[in-house]
Amino acid sequence: MRIVLSLAALLALSGCGSSDIWGWYVVNPMTASGWTNITFLVNGMGATILLSVIAASISIVLGLLVALPGLSERRGIRAINRFYVEIVRAIPLLPMLFWVFYGLPIVFKSMGLSIQIDPFWGAIITLALSDSAFTAEIYRAGIQSIAKGQAEAAKTVGLNYFQTMRYVVLPQAIRRILPPLANQFIYIVKMSAFASVIGMQELTRRANELVVTEYRPLEIYTLLIVEYLVLVLIISAGVRWLERKMGSDERG
Amino acid sequence: MTQDAIEMIDVDKWFGDFQVLKGINLNVKPGDRVVICGPSGSGKSTVVRCINRLEAHQKGVIKIGGVVQDGSAAALEAIRSEVGMVFQQFNLFPHLSVMENLVLGPMKARGMTRKDAEERAMKYLERVRIPEQALKRPSQLSGGQQQRVAIARSLCMEPKVMLFDEPTSALDPEMISEVLDVIVELAEEGMTMVVVTHEMGFARKVADQMVFMDEGEIVETGTPEDFFNAPKSERTQTFLKQILQH
C-alpha cells in the first residue's frame, strides 16, 4: 500500500515538474476540459460491462453444453468435446474477432443470407466462443471432481441423466468451480478491449480516440488501467461474497 | 410358482482383461434374505452393482422381476422401480438437507407432490428412528445416522428388493449395531434383500441363504447352519477361520 501511494505521489509530482513527460491536465477533474475527458472515458464502462456480462453468460451455458459430451463413457461422444476445445482455444482472439466480424457476413452471403454483424454482437460472439472452450474445461474438471457415488446414488433413486446433473452433480460442482469461473469472467472483461479494433465504443476504444486528439497516451492509458482495475476489484468482491454465501449453504 | 425377484444365469464380467465375475448363478425369491461374503476383490460388490446395473455385465442373463436386463430404457425402469441400494460410503447428497435427500427421488422420478413425498419421508425417518434430524445436513450427522438416512432414502422409493453393499464397513464400531438393527427389522418385515457384509453374527441372524465368493466365483452357497457349521469347500473353511478368529 505504501509503495503504491509513494509511486502515485512520484507520478503526480513529476507531472508538476516537467511538462515534457507528464501532462495530467488531460484528466484533471478540477478543470472543465479534464472533467469532460474523464466523463468521455468513463462512459465506455457501460459498454464494457454489457459486453462482458452477455459474453460471459453465453460462455457459461455454451461451456456446459460442450463439457457434458466430454464426460461420456463413449469415445465418439467425448471426441466432440475434445475437437471443440482443442480447436477453439487454439485460435487467438484477435484473428477470431476479424474472422467473425469481417468474415462471417461473407460466409452468410455465400449461403444466400444477408446477415450483418454489428461490432457489439461481433465482439460478444467472439468473446463467448473463445471463452467457452475454457469454461468447458472448468466444468469438466468440476464435474469429475464430484465423487462417482453421487451420480450412482441419484440413479438408484430413479433420477435420469439430466435430473442427476440438475439436482445432484451441478449444484455441488458449481461451488467448486466458482473461483475459476470468476477468473474467466475477469479474463473476458479484459479481453473485451479487443472489441475496440472493430469500432465498439467501450473503455479502450474511447481511450484510443482521446489519445488521438489529446496526444497524451501515458496519462490516458493510466486512467484506462485504473478503470479496468476498479471493474475487476468489484467483480472479485462480488465473487467472494457469492462464495461465502454458497459455502455457508453447504455447511448448513 | 412365484416369479424370482432376481435371477442371474451364468453371468460373466470383465474390467478390461481382468475377469471379475465368472459364471455367476444366483436366484433370489421374493422374501429371500441373501448374504454374500468373501475376501476383498472377490467380486461380491460387483455382483450387487450388476444387479441394479450400475455396472453392465458382458455375458449371461440377469432378470429383475422377470425383466431381462439388456440396458434398454424399459429394463432400467424395472430396476429403478423395484431395486433400492445402500452404499458403503452412504452417498448422501451433501448439499441437501436430510428431508431433501429423501424427497428428491419420489418428487422428481415419481412425480409425487412435495406434501405426499414429505409425509412418506417422515414415515421412513421414523422407521430408522431419526425423524428429529430431518432438517439437518448429512455432514451434521454421525456415520451411523447418515447410513440410516441412506436406508430411509432407498425405502422412500418403496422398492421390492434392497441391495446393501457393505453397509457397515465405513462405520466406527460403536455405530455398526444401530445400522444392523434397522436392516434386521426390515428383514423381519419380509423385505427381499441381498447384503454384502463381513458381519457374520448379523449374517447368521438374518440370512436364509449364504453365498461365499472368491476370485469372481461363487464357491459355496447354503443355509447359515450348513455354511457356518459344516462348510464344504476348503476356501470357505479358511475364510471363515480367518474372519471368525477374533
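**Exercise 1. Find how many salt bridges link chain A and chain B, and name the residues.**

Step 1: apply the criterion, a side-chain nitrogen of Lys or Arg within 4 Å of a carboxyl oxygen of Asp or Glu. Step 2: count; there is 1 salt bridge between chain A and chain B. Step 3: name the partners. A:Glu152 pairs with B:Arg49, and their closest N and O atoms are 2.6 Å apart.

The model is predicted: local features need pLDDT of at least 70, side-chain atom pairs count only at pLDDT 80 or more, and totals for chains, interfaces and linings use all residues. Residues are numbered from 1 along each chain as its sequence is written, chains are lettered from A and ligands numbered from 1 in the order written, and side-chain values use heavy atoms, without hydrogens and water.

**Exercise 2. Describe the interface of chain A and chain B by contacts and buried area.**

Step 1: list contacts (heavy atoms within 4.5 Å). Here 21 residues of chain A touch 22 residues of chain B. Step 2: take the buried area, the accessible area (1.4 Å probe) that two parts lose on being put together, summed over both. This comes to about 1,900 Å², with 58% from carbon and sulfur atoms. Step 3: find the main contributors in chain A. A:Thr156, A:Val157 and A:Tyr167 lose the most area to chain B, together 32% of what that side buries.

**Exercise 3. Is A:Trp121 buried, partly exposed or exposed?**

Step 1: recall the classes: buried under 20% relative accessible area, exposed over 50%, partly exposed in between (1.4 Å probe, protein chains only). Step 2: read the value. A:Trp121 has 41%, so this residue is partly exposed.
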